[in-house]
Structure formats: structure tokens, C-alpha cells
Amino acid sequence: MSWGTELWDQFDNLEKHTQWGIDILEKYIKFVKERTDIELSYAKQLRNLSKKYQPKKNSKEEEEYKYTACKAFLSTLNEMNDYAGQHEVISENMTSQITVDLMRYVQELKQERKSNFHDGRKAQQHIETCWKQLESSKRRFERDCKEADRAQQYFEKMDADINVTKADVEKARQQAQLRHQMAEDSKADYSSILQRFNQEQWEYYHTHIPNIFQKIQEMEERRIMRIGESMKTYAEVDRQVIPIIGKCLDGIVKAAESIDQKNDSQLVVEAYKSGFEPPGDIEFEDYTQPMKRTVSENSLSSSKEGKPELKFGGKSRGKLWPFIKKNKGATPEDFSNLPPEQRRKKLQQKVDDLNKEIQKETDQRDAITKMKDVYLKNPQMGDPASLDHKLAEVTQNIERLRLETQKFEAWLAEVEGRLPARSEQARRQSGMYDGQTQQTVTNCAQDRESSPDGSYTEEQSQESELKVLTTDFDDEFDDEEPLPAIGTCKALYTFEGQNEGTISVVEGELLSVIEEDKGDGWTRIRRSEDEEGYVPTSYVEVYLDKNAKGAKTYI
């Protein structure tokens with residue numbers, strides 16, 4: 001099958017068909033280009049979506065991602081970001097391997113088509129010129145033959161007429177011979193042109209046109225084959241990213257399978273556990289017999305207007321946390337406003353942060369020291385004295401951070417129970433920074449607030465006090481004897497009791513203990529019969545008398 005032999009007379013239709021083929025190729029290029037734009041847009045939207053739901057740095061959102069479900073969601077966002085990257089790869093590969101290549105090929109194809117059809121038109125014009133020459137020689141031969149016939153007839157007529165002179169007859173005979181000679185010449189010329197035209201025509205239809213149409217056919221077949229190869233590439237570009245996309249999806253599945261609901265539940269416990277023990281049973285207080293009462297876990301004492309103690313009876317209530325004061329200022333440095341467990345975590349985190357800062361400053365000091373040594377060995381590189389100020393500053397920062405670390409480690413040790421009571425040795429160890437932080441620690445202790453659920457509001461305390469103060473037994477026990485001492489204590493630090501229910505103590509002062517620490521960080525003491533209140537347990541060293549009346553063991 002050849003277009004040159006089968007379609008020898010379809011030059012115009014072939015020209016239209018090849019133009020249509022180029023239009024199809026350009027349409028396919030446009031399709032691929034739009035697909036690449038869609039892939040880029042889709043990838044951009046996926047990236048924006050992933051970025052939108054990423055946790056913000058240094059925010060509460062970031063803390064939430066310690067839970068396995070949130071970690072899995074974060075992994076999903078990261079995998080979607082990689083997933084978007086594969087769509088960008090699809091766009092890039094389709095552009096480089098299909099769009100750019102086909103656009104260059106289209107230009108070459110147009111140029112080749114133009115050249116082939118130019119050769120075809122040139123061959124057409126040549127055969128048409130030969131045809132015109134043949135027609136011209138044919139008409140001339142026909143005209144000369146007719147002229148020769150007329151001249152012959154005229155001669156025969158003149159020769160038969162007896163009235164015509166011999167000279168006229170001879171003239172007619174010569175004219176007839178001339179016309180016959182011209183006809184013979186035209187005949188020979190026509191025959192020659194005809195043979196030449198037939199040769200040109202045979203070459204045109206059997207050589208020139210088949211060759212040109214064969215080139216056009218090959219061009220068209222290459223175009224068709226090129227489209228097929230581009231379609232394969234189109235599919236292959238997608239297929240190449242399928243394994244990576246599959247890995248992204250596998251990553252999402254793996255992240256989902258890593259979710260541990262038990263672990264998340266444990267994290268909730270660690271995040272909100274206060275460290276307090278549930279309140280024990282309320283003791284029965286018998287008021288029918290005159291006897292000394294011991295303060296139960298449900299009573300609250302406070303020194304007001306010279307009264308030794310306020311006793312509340314008749315109505316049982318949960319333990320009121322003393323000295324509740326609404327604190328709208330900054331968080332105490334030792335986190336004493338938090339429940340024990342939460343306080344321990346905060347202190348541990350603070351110690352870790354300080355150690356990191358110390359390491360950072362130490363590295364900087366080492367770097368400056370090395371640089372100074374280099375300057376000493378090579379003075380032309382710099383002045384060693386110029387680094388002294390910076391080195392002294394870094395050393396001072398390290399010393400300050402170490403003191404801070406020791407301070408927080410001491411608080412942490414107390415919370416963890418390693419230092420249940422501050423001894424003289426511990427006092428001496430902490431003396432290096434007590435002078436710097438005495439006022440801070442005192443203020444923290446004054447603002448210390450504690451409650452089982454970790455919420456501290458003045459309004460709740462006032463509401464509870466109002467309910468208790470409405471009892472009918474307030475005046476009956478105003479003159480009751482004070483609680484007996486269950487031990488003694490020695491003040492390790494000076495404490496200024498400015499909050500309601502607290503008592504001020506001076507370092508080294510000896511006092512009586514009338515109620516030991518119930519887990520809230522406060523111990524109830526007495527200076528004299530009319531002056532008693534609460535002080536921070538960490539500020540005193542307690543010596544309990546197990547044989548004293550009223551001494552109890554609390555769990």
C-alpha cells in the first residue's frame with residue numbers, strides 16, 4: 001500500500017489530511033499542558049492544606065501533638081506534603097518529556113510538510129506547462145493542415161479553370177506546396193512535443209508524485225507513531241510515581257496503626273494528675289463531753305482579732321485549702337501554685353532547660369577560649385584582650401545558670417521526697433544562692449496556693465467560708481481550749497505570713513507543731529497560746545512526738 005500509487009490523483013485531499021493531523025497533534029499538546037497545570041494546582045492546594053493544619057510553633061497546639069492520635073495526624077499531613085510533591089513530579093516530567101518535545105516536533109513537521117507539498121506543486125506546474133505546450137503544437141498543426149487543404153483545393157480549382165492564366169496556376173501550385181510543407185513541419189513538431197509530454201507525464205505519475213506522496217505518507221506515519229509514543233510516556237510518567245504515592249499511603253496507614261489509645265489515656269493522667277491523695281474519712285467529733293478536740297482534716301483554723309481559733313461544727317464539709325488568695329500576677333518561680341505532680345514536671349522541665357543553656361554557654365566559652373589561644377599564638381590575627389570581656393560575660397552567665405539550676409534542683413528534690421525535711425547540711429549547700437533568691441522564695445511561699453483539682457479562686461473559698469460561718473455553733477466554742485502540741489519544729493528560713501491563716505516566723509525560731517502536713521505543703525504551728533497559723537513545710541524542720549496526745553499517722 002502506497003499513497004503514491006493508490007492516491008496519485010488526491011493531492012488536495014492529502015494536503016487537507018496532513019493539516020488535520022498537525023491540528024490533532026497540537027490539540028494533544030494542549031491537553032497535556034492543561035493536565036500539567038492541573039497537577040501543579042492540585043499539588044499547591046495539597047501543600048497549602050497540609051501547611052494550614054500543621055501545629056504552630058511554641059503554641060498550645062504543639063503540646064497537643066504528644067498524643068499518638070495527634071502524632072498520626074501530623075504524619076498524615078507530612079505524607080500528604082510528599083504526596084503533593086509527586087504530583088509536581090508528574091507535571092515536571094510531562095512538561096519536559098511530552099510537551100516540550102512535541103512542540104519542537106510540530107515545528108519540524110510543519111516545515112517538512114511544507115517542503116513536500118512545495119515539491120508536489122512544482123511537479124504539477126511542470127506537467128501543466130508541458131500540457132500547454134502540447135496543446136499549442138496540436139492547435140498549430142491542426143491549423144496548418146486546414147490551411148494546406150484549402151491551398152490544395154484552390155490550386156486544383158485554378159488548374160481546372162481554362163480561363164486562368166498559366167502564371168496564376170503556377171502561383172496557386174507553389175502556395176499549395178508551401179502550405180503542405182508547413183503542415184508537415186507542424187506535424188513533426190507536434191509529434192515531438194507529444195512524445196516529450198508523454199514521457200514527462202509518465203515520470204510525473206510514476207516517479208515524481210509517488211516519491212513525494214511516499215514522503216508525505218512516511219511523515220504522517222511518523223506523526224501517528226509519535227503521538228502513540230507520547231501517550232505511552234503519558235502513562236509511564238504516572239506509573240513511575242505510583243510506588244512513591246503507595247509509600248505515602250502506606251505511611252498514613254502505618255501512622256494510623258501506631259495510635260495507642262491506652263498510651264493517650266496515660267498521657268492524660270500525666271498531664272493532669274495533681275499528686276494529692278483522696279480525702280480520708282471524716283472523724284466523729286463528740287461535743288457532748290468536755291474534752292480537748294483535735295483538729296480533723298475537715299476543720300480550718302485561722303487567727304482573727306485575738307481569737308485563739310475558730311471551730312466549726314454541726315455541719316461536715318470537705319477540707320478547705322487555707323490561705324486561698326486570688327493570684328492574678330505572674331506564676332511563682334518555684335511553681336508552688338501547682339499540685340505536687342504538675343509542679344514536679346514543671347521543675348524537671350525547668351532544670352532540663354537550664355542544663356541545655358549551660359551546655360550552650362559552655363560551648364561558647366570553649367570556642368572563645370580557643371580563639372583567644374589562636375590570637376596569642378598569632379597576634380596578627382587579632383587582639384587577645386578584646387575577647388576578655390566576652391569571656392568574662394559568658395563565664396558569669398554560666399555561674400548564674402548553675403546557681404539557678406541548683407535552686408530548681410533543690411525544689412525538685414523536695415517535691416520528689418528526696419529532702420522531706422531541710423537539714424542544716426542542706427541549708428548550708430543552698431546558702432550560696434539563698435541570699436540571691438531569699439526574697440523570691442519568700443514571695444513564692446506567700447503566694448502559694450493549692451487545691452486538689454489545681455484550681456485556685458478566691459470566690460470559691462469565700463463561698464465555702466460563708467456556708468460554714470452560718471453554723472449555729474460559732475459562739476459556743478469560741479472559748480474552747482487550744483489544740484495540744486504533737487511535736488516541735490525549727491524555722492529554717494524567715495517567713496512573713498501576710499496571707500490570712502498564716503503566721504510569720506524567724507529563722508532559727510523554735511515553735512510547737514499542732515497539725516502536721518496533710519499533703520498540701522503546709523504545717524500548722526503555734527508560737528504561744530494566742531498565736532498560731534500555717535507555714536510552708538519546706539521552711540521548717542519538724543520533730544514529731546509520737547507519744548503526744550493527738551499525734552496521728554496520716555496516709
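**View 1. Helix α7 spans residues 340–377.** Its 38 residues reach 55 Å from first C-alpha to last, close to the 56 Å expected at 1.5 Å a residue. That expected span is 1.5 Å times one less than the number of residues. Helices (H or I, at least four residues) and strands (E, at least two) are DSSP runs, numbered from the N terminus. This is a predicted model: local features need pLDDT of at least 70, side-chain atom pairs count only at pLDDT 80 or more, and totals for chains, interfaces and linings use all residues. Residues are numbered from 1 along each chain as its sequence is written, and side-chain values use heavy atoms, leaving out hydrogens and water.

**View 2. Part of α7 is buried.** Buried means under 20% relative accessible area, exposed over 50%, and partly exposed in between (1.4 Å probe, protein chains only). The buried residues of α7 include Leu-347, Val-351, Leu-354 and Ile-358. An α-helix has 3.6 residues a turn, so residues three or four places apart point the same way.

**View 3. Asn-116 sits in helix α4 (residues 68–160).** Asn-116 is buried, at a relative accessible area of 6%. Contact means heavy atoms within 4.5 Å. Beyond neighbours within four places in sequence, Asn-116 touches Ile-212, Lys-215, Ile-216 and Met-219.

**View 4. Leu-49, Tyr-53 and Phe-73 form a nonpolar surface patch.** Together they have about 280 Å² of accessible area, computed by the Shrake-Rupley method with a 1.4 Å probe, where for residues only the protein chains shown count as cover. Patch residues have over 30% relative accessible area and no salt bridge; nonpolar side chains (Val, Leu, Ile, Met, Phe, Trp, Tyr) are joined within 5 Å, like charges within 9 Å. A salt bridge is a side-chain nitrogen of Lys or Arg within 4 Å of a carboxyl oxygen of Asp or Glu. Leu-49 belongs to helix α2 (residues 11–52). At 44% relative accessibility, Leu-49 is partly exposed.

View 5. Two strands pair if DSSP finds at least two bridges between them. Four bridges join β1 to antiparallel β2 (residues 510–515), where Leu-511 stands opposite Cys-489. Five bridges join β1 to β5 (residues 540–544), also antiparallel. There, Val-540 stands opposite Ala-491.
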